[in-house]
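User: I am new to this structure. Please take a close look at the first chain, how its parts meet one another and how it meets its partner.

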Amino acid sequence: MKVLRVFSGGGGGLVDDKRILMQGNEAIARGIVENGARVATSYPGTPASEILSAVQQWQKAEGIPIFTEWGVNEKVALEIAYAASQSGLRATVAMKQVGLNVASDPLMSAAYLGVEGGFLVISADDPGPHSSQTEQDSRLLAMLAKIPVLDPDSPEQARELVGLGFELSEAFALPVMLRPTTRVCHACQDVTPRPVAELGRTAAFRKDPSRWAATPAFRYRLHVQLNDKLARIAAHEPTAPRRLNPTAVSRRAIVASGAAAAHAREVLAALGLRENLALYQVIQPYPLHTAFANDILAGFDEILVLEETMGVIELQLRDRHRVRGKLSGAVPEAGELLPELVERLIADFAGKPAPAAPLPAAAPARRPTLCPGCPHRASFYAIKRAAPHGIYPSDIGCYTLGLNLGGVDTVLCMGAAVSQAAGFYQAYRVTGQPVDIVATIGDSTFFHAGIPPLIDAVVQGARFVLVILDNATTAMTGNQPTPAHGTPAGRAVTIDGVVAGCGVRFCKSGDPIDLPGFTRLVKEAVDFARGEGVAVVIARSPCLVDRDRFRERRPQPSVDATCTGCRLCTSQFECPALVYDEETKRVSVDVMICSGCGVCLDVCPVKAIGTKP
Amino acid sequence: MINQQLIISGVGGQGILFITRLLAETAIAAGMPVLTSETHGMAQRGGIVVSHLKVGEFTSPLVRPGQADGLLTLKAETVALHRHFLKPTGWIVANSVATAVAEAEHPVATVDADTIALAMDNPQAVNLIVIGRALSVPGRLFCTPDAVEATLRRKLAARPALLEGSLTAFRAGLGQ
């Protein structure tokens with residue numbers, strides 16, 4: 001076996017020949033390659049982003065023949081992977097839970113059509129949420145789609161369930177969902193890698209239009225078949241619920257899945273209740289095994305269901321008057337099911353007093369902010385100068401942190417900045433009020449979902465400025481590539497070309513780090529939008545975190561004695577490297593974090609910031 | 001079997017993930033099971049980062065309030081935010097000037113890692129200095145300084161200059 005290296009964000013994780021430190025996403029990726037997948041696609045999204053990059057790292061390190069790509073969006077990524085499955089190869093697509101919303105259209109249809117090669121749809125949920133617009137439960141979408149879903153409790157189990165998922169998918173010929181959450185994806189654990197499987201398959205798409213191109217009448221038949229598959233999967237032994245403490249004798253049972261099961265196991269032992277309460281782990285929350293659902297209700301007087309984020313298992317227990325969970329109100333319906341909450345719930349269920357736990361401090365946490373030197377900060381500052389009374393629809397990415405500068409008014413979902421800009425224009429126009437609208441969107445987000453609404457806006461005669469923040473990367477999720485940078489196999493597609501193709505008549509680019517020049521450009525765009533139509537400004541400046549970028553050494557800005565303490569720079573420009581001292585009543589530069597971008601020189605109204613020669 | 005639960009905190013960009021994994025890999029090398037929890041994404045943009053590290057027989061990757069044996073912080077302000085994780089007998093090692101952190105209920109060992117790192121012209125080394133400081137008292141952490149150095153050598157074998165700087169920073173903390 002070749003030497004294995006896990007490139008987990010700080011160098012190789014190889015320790016001895018057996019156990020290595022694997023992040024949950026890396027373990028999922030390991031499962032993908034170990035089980036012979038030939039195509040793996042994804043769109044970046046926390047907490048799923050590392051899955052595809054880990055597949056790519058292993059591919060490089062071990063010469064694995066697998067096609068991987070960062071799709072333009074999750075729908076495209078799923079459709080591409082599905083074609084491989086239709087051709088008899090094992091394939092997978094990975095995304096975060098809100099990305100599943102985007103991919104749900106092809107997924108719903110694919111459930112009816114079924115698969116040839118195993119097809120694993122990985123949707124990573126974010127209970128809390130920590131970095132998402134919702135904390136929706138992907139398992140419920142699996143229920144809607146009528147596909148089975150597997151719910152791992154740890155990195156090790158996530159890897160195991162990838163293999164089980166592919167087998168299940170092929171045994172019953174339908175897509176299978178794997179649903180990890182943040183506490184699996186971004187947990188690390190010692191895991192033993194296994195060899196990569198060589199399945200010896202070749203792509204072979206067999207024509208069967210009554211199936212693959214099924215029209216509604218045929219869809220009815222496929223639906224009947226799908227329902228039959230689900231009934232058989234609900235009796236499939238390998239994915240049945242597991243009793244974790246068979247020797248415990250009790251009339252009370254805990255049924256847990258995912259991270260909640262991991263917390264429950266530990267808490268049960270810590271409370272000394274391992275022999276007092278029956279503990280079941282459900283690894284396939286939908287469809288819930290029929291025998292289990294009947295036996296659990298027959299065999300126990302009271303049941304506590306611990307799962308995230310909605311009561312999916314609980315919902316499938318038909319007689320719930322002895323069941324506690326999300327639906328009964330026993331478990332909070334919003335927020336993460338943290339282990340201290342699990343401890344209180346289990347203690348309460350067992351009739352024991354809950355152990356007293358210290359409460360977190362009420363101290364305000366530090367809010368996230370754009371990096372010092374981020375070009376987005378300069379872009380938002382320029383936008384506020386150019387259209388101070390404007391409405392600022394925005395979108396999802398690092399630039400959402402423009403909130404701190406007052407440059408972001410709305411964040412709905414991917415691509416909505418463009419449609420909302422058009423929408424605000426039409427709403428104000430129909431009631432006869434002029435308004436400036438300056439929307440912001442990132443380059444990756446623009447390709448993801450910003451193009452259809454831009455076409456719509458031009459066609460409908462909407463008027464607004466769209467600033468496309470092109471930092472040449474997908475930054476917030478870890479600097480994944482975008483279509484404008486191409487791939488070794490293909491070609492780059494430029495934003496300028498796409499914008500022109502959408503019929504936009506004003507499209508100019510500028511460098512936001514040149515604050516005066518860029519502000520003039522945005523003003524020019526605002527004038528065009530007032531008089532004529534959609535104006536696009538492309539703010540072009542690279543992301544500072546992107547390690548592939550060349551970083552020149554820049555002169556160090558500093559604040560001199562003419563600083564009046566007006567705090568415009570700290571409040572309106574909001575760079576974390578500019579620090580106001582309450583005692584001296586002046587601002588100074590924190591050289592530990594200053595990037596030397598020098599934009600603050602143009603921000604200070606009294607020119608108190610300069611660079612040493 | 002050693003069972004130890006640690007909280008490591010600071011702000012994004014301080015290399016908290018690196019030292020969390022450094023300690024986790026050290027545990028694995030010593031044959032101990034390990035679970036960690038990380039914060040990603042928004043955290044890098046100056047937000048608070050908290051890692052949980054559990055060495056021994058655990059199944060949950062999160063430390064419950066009142067259960068941590070120790071709190072390592074790279075930013076003094078996070079002591080107040082995270083000290084509720086500590087057991088009554090827990091300890092704190094903080095990147096801080098000596099008098100800035102109230103001793104309240106838990107013993108606090110401080111190290112002015114910012115100053116030491118700047119003096120080395122290596123502002124990224126704050127994290128390793130703090131780990132070194134934690135290990136300056138034998139038995140405080142589940143591992144020895146030699147074990148940590150062995151992991152560093154393995155992780156940074158392909159980058160000798162970075163390895164040298166890292167070992168220097170680690171030993172500087174150790175010697176405090």
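Analyst: Among contacts in chain A between residues at least 6 apart in sequence, those joining residues at least 24 apart make up 76%. The model behind this figure, and behind everything that follows, is a predicted one. Chain A contains 20 helices and 23 strands, and of its 613 residues 53% are buried. Its C-alpha trace spans about 75 × 65 × 60 Å along the principal axes. Chain A has a radius of gyration of 27 Å, which agrees with the value near 25 Å that a compact globule of 613 residues would have.

The chain is divided into four parts: domain 1 (20–236), domain 2 (240–349), domain 3 (375–483 + 491–540) and domain 4 (557–611). The centres of domain 1 and domain 2 of chain A, taken over C-alpha atoms, are 26 Å apart. Where these domains meet, 24 residues of domain 1 of chain A are in contact with 23 residues of domain 2 of chain A. On the domain 1 side, at least two residues each are supplied by α5 (138–145), β6 (149–150), α7 (182–185) and α9 (216–233) of chain A. Of these elements, α5(A) gives the largest share, four residues. By residue class, this side of domain 1 has 14 nonpolar, three polar and seven charged residues.

Next comes the nonpolar interior. In soluble globular proteins, nonpolar side chains tend to be buried together. Here the largest nonpolar core has 163 residues, and the members that touch the most others are A:Ile254, A:Ala264, A:Leu306 and B:Ile129. The largest share of this core, eight residues, is contributed by helix α1 (residues 16–29) of chain B.

The contact between the two chains takes 45 residues from chain A and 36 residues from chain B. On the chain A side, β8 (187–191), α10 (258–270) and α13 (339–349) supply at least two residues each. The residues on this side of chain A divide into 23 nonpolar, 13 polar and nine charged. One of these elements also pairs with a strand across the contact: β8(A) and strand β2 (residues 34–37) of chain B run in the antiparallel sense, joined over three bridges. Within that pairing, A:Ala187 has B:Ser37 of β2(B) as its bridge partner.

A last detail concerns the partner chain. B:Lys87 lies in strand β5 (residues 86–95) of chain B. This residue counts as partly exposed because 15 other C-beta atoms lie within 10 Å, whereas a buried residue would need 20 or more and an exposed one 12 or fewer. Leaving out residues up to four places away in sequence, B:Lys87 touches B:Gly66, B:Gln67, B:Ala68 and B:Asp69. From B:Lys87 to B:Val49 the separation is 38 residues in sequence and 20 Å in space, C-alpha to C-alpha.

Note on methods. Residues numbered from 1 in each chain as written. Chains lettered and ligands numbered in written order. Predicted model: local features only at pLDDT ≥ 70, side-chain atom pairs only at ≥ 80, totals over all residues. Domains from an automatic or database assignment. Contact = placed C-beta atoms within 7 Å. Nonpolar A, V, L, I, M, F, W, Y, C, P; charged D, E, K, R; others polar. Core = buried A, V, L, I, M, F, W, Y, C linked by C-beta atoms within 7 Å. Pairing = 2+ DSSP bridges. Rg over C-alpha atoms; globule rule 2.2 N^0.38 Å.
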